[in-house]
Amino acid sequence: MKFLCVLCVLCGSSFFAVALEREAFTITKYDLEIRLEPEQQRLGARGKITLRNDSAHPQKIAALQISSSLNWRSIRVDGKAVQYVSQPYLSDIDHTGALSEAIVTLPAEIKPKDFVEVEIGYEGVIPLDTTRLTRIGVPNDIARHSSWDQISPSFTAVRGAGYVAWYPITTESADFSEGNSLFEVVDRWKAREAGSEFKLGLSLSGRMPDATRTLLCGPEDRSSSAEAGKDREPRVECGWSPLGIVTPTFAMAEYVDESKPPLKLFSLPGHEAGAATYSSALEPAMKFVSEWFGQPSAPVAIADFADPNSAPFESGTLLMASMAVEDSKLAGINLVHELVHSALLSSRPWVYEGLAHFAEAMYRQQQGGRQAALDFLGLHRAAFLDSEKEVSAAKQKNPGQPLAGTFDETYYRSKAAYVWWMLRDMVGDDALKQAIGKYRAKNDDDKDPKYVEQLVEAAAKRDLAWFFDDWVYQDRGLPDFHVQSVHPWQTEKGVQFVTVTLENLGSAGAEVPFTILFEGGEITKRIEVRAKGTATTRVELPGTASEIVVNDGSVPESDLTNNVFKISTP
Ligand SMILES: [Zn+2]
């Protein structure tokens, strides 16, 4: 409200403040030229953006926002400067906790669905800034590991919307301290921009006599390092069309290039041993990915961090991850993830990212067994557990985040990884491999929302409509299994049986494994228990049953405290 009042004073009209719809315009096209001056921690930008009025009313005012450490220099439409007022706007969508907002008066009203092209210029500095985290109480030395974005002479890495608004955005204020406010604003922004085009030219200003600095904005950029010629400034180009779930990101450092197609590997001096673990993990990772997802062929990149504690980040097919330590397990799963992207394209985030995370878990299984993989998946479960509990608590009044169309990372990464894992447990490796092998993102194959379901059903010869409905097309929260009843009994010939009834208190069905412990061993079976339903089965045992454990962790559940059932012996 504080900001609205500032506007009222500025414009002398309360109507103006009320009428400002910050998310009315979507930016459908970016064509930006960014010049970096690392010695000054500075960037200068110029270029064109195209705005589309996505609101229901004609709009004459557009609110364009960049990081608060940047300043607007010029805004023009049809070659003529337009009027704008530049103001700070508090929002945690930027690492500084604020934006420089230009309230632009367009030369003419833009009707709904109409476009306007705007020429823009802005500049400023991007130093490391942890404001939005420290002001909610995160200690600075911890905050800087996740809020690592900066331009600096030795190491530059800057992520886009949601981290640093180094290109214009149009958003309502986001607040880190208010529950999910920040994530809602960011997810909404990503959904609005998913179909947009982004073109970036990135150059280093000035000649660096000693420079061996590499500029990066993706694996397919046309790189030209300083070696390209002393009289030429290094420059790279990147493009995303459409943007999808990519957060445009750029980096610059004195990277050692150890690329081996399709992988581009950029490590920092002093991290040779860590980089070597990546090189030696490449071949087994390639072999594993090829068997499941096809031959990796599109370029992907992994780039090193100067601060070894920086939290890893993925922008499209560029992964930033520290190579400071020799961790062959981590190198293996990072490689597997990127190589899955190299092998399999999809415009569906839950397929594209979900399969990559699922592959990481399978690779863990190959190296450390099923339990290692389930422990690995368990780390993902925490990410979406709370929001799924809210969906369950709202008893279907909260539509949640259906996997098929979500832009929420925790869903299209973590929940999707589980969904693929459950499918594999249900249909087996061969059928799932066959379905994945037939998947084609191109040629309009993946147009039908049920395309993936049909591929898996055809390969498995099994009706999975209920599963896809509960887990992919709708968000029905999570299942909650418990043992409803157990009846041990014996035939006249002394063969022991146990009849088990499992109940699912949740609104999502699943096929769940359960293990019966008996004297001298255990036996595991699987059973399909639909939402709010029960299922009964009979198991023959070589000894007297003592305990039943439902779910080995392969099905994400809302409550795991009610999964063990002790069988009292009469
Ligand atoms: Zn990924």
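How do the residues in the lining of the largest cavity divide by class: how many are nonpolar, polar and charged? Seven are nonpolar, two polar and two charged. (Ala, Val, Leu, Ile, Met, Phe, Trp, Tyr, Cys and Pro count as nonpolar, Asp, Glu, Lys and Arg as charged, and the others, Gly among them, as polar.) This is a predicted model, in which local features need pLDDT of at least 70 and side-chain atom pairs count only at pLDDT 80 or more, while totals for chains, interfaces and linings use all residues. Residues are numbered from 1 along each chain as its sequence is written, and side-chain values use heavy atoms, with hydrogens and water left out.

**Cavities**

- On a 1 Å grid over the protein atoms alone, a cavity is a set of points where a 1.4 Å probe fits but cannot get out, and a pocket is an open set with protein on both sides within 12 Å along at least five of seven lines; lining residues have an atom within 4 Å of a point.
- Three cavities of 30 Å³ or more are counted.

**Second largest pocket**

- The volume of the second largest pocket is about 870 Å³.
- This pocket is lined by 32 residues, of which Trp240, Pro242, Val246, Leu345 and Tyr352 are the closest to its centre.
- Strand E12 (235-240) gives the most to the lining, with four residues; helices H7 (328-343) and H8 (349-368) each supply at least two. (Helices, H or I of at least four residues, and strands, E of at least two, are DSSP runs numbered from the N terminus.)
- The lining of this pocket has 16 nonpolar, 12 polar and four charged residues.

**Threonine 249**

- Threonine 249 belongs to strand E13 (residues 249-253).
- Threonine 249 counts as buried because its relative accessibility is 1% (buried means under 20% relative accessible area, exposed over 50%, partly exposed in between, with a 1.4 Å probe and protein chains only).
- Its side chain reaches the backbone oxygen of threonine 247 at 2.8 Å.
- Leaving out residues up to four places away in sequence, threonine 249 touches (heavy atoms within 4.5 Å) residues including Trp166, Trp240 and Phe313.

**Nonpolar cores**

- A nonpolar core is a set of buried Ala, Val, Leu, Ile, Met, Phe, Trp, Tyr and Cys residues joined through side-chain atoms within 4.5 Å.
- The largest has 96 residues, and Phe293, Trp350 and Phe468 have the most contacts inside it.
- Helix H10 (residues 409-427) gives the most to this core, with 12 residues.
- Another core, of 57 residues, lies apart from it and includes Ile34 and Val82.

Conventions
Points joined across faces, edges and corners; volume = space filled by probe spheres on them. Polar contact = N/O pair within 3.5 Å; in protein donor to acceptor, adjacent residues only side chain to side chain.
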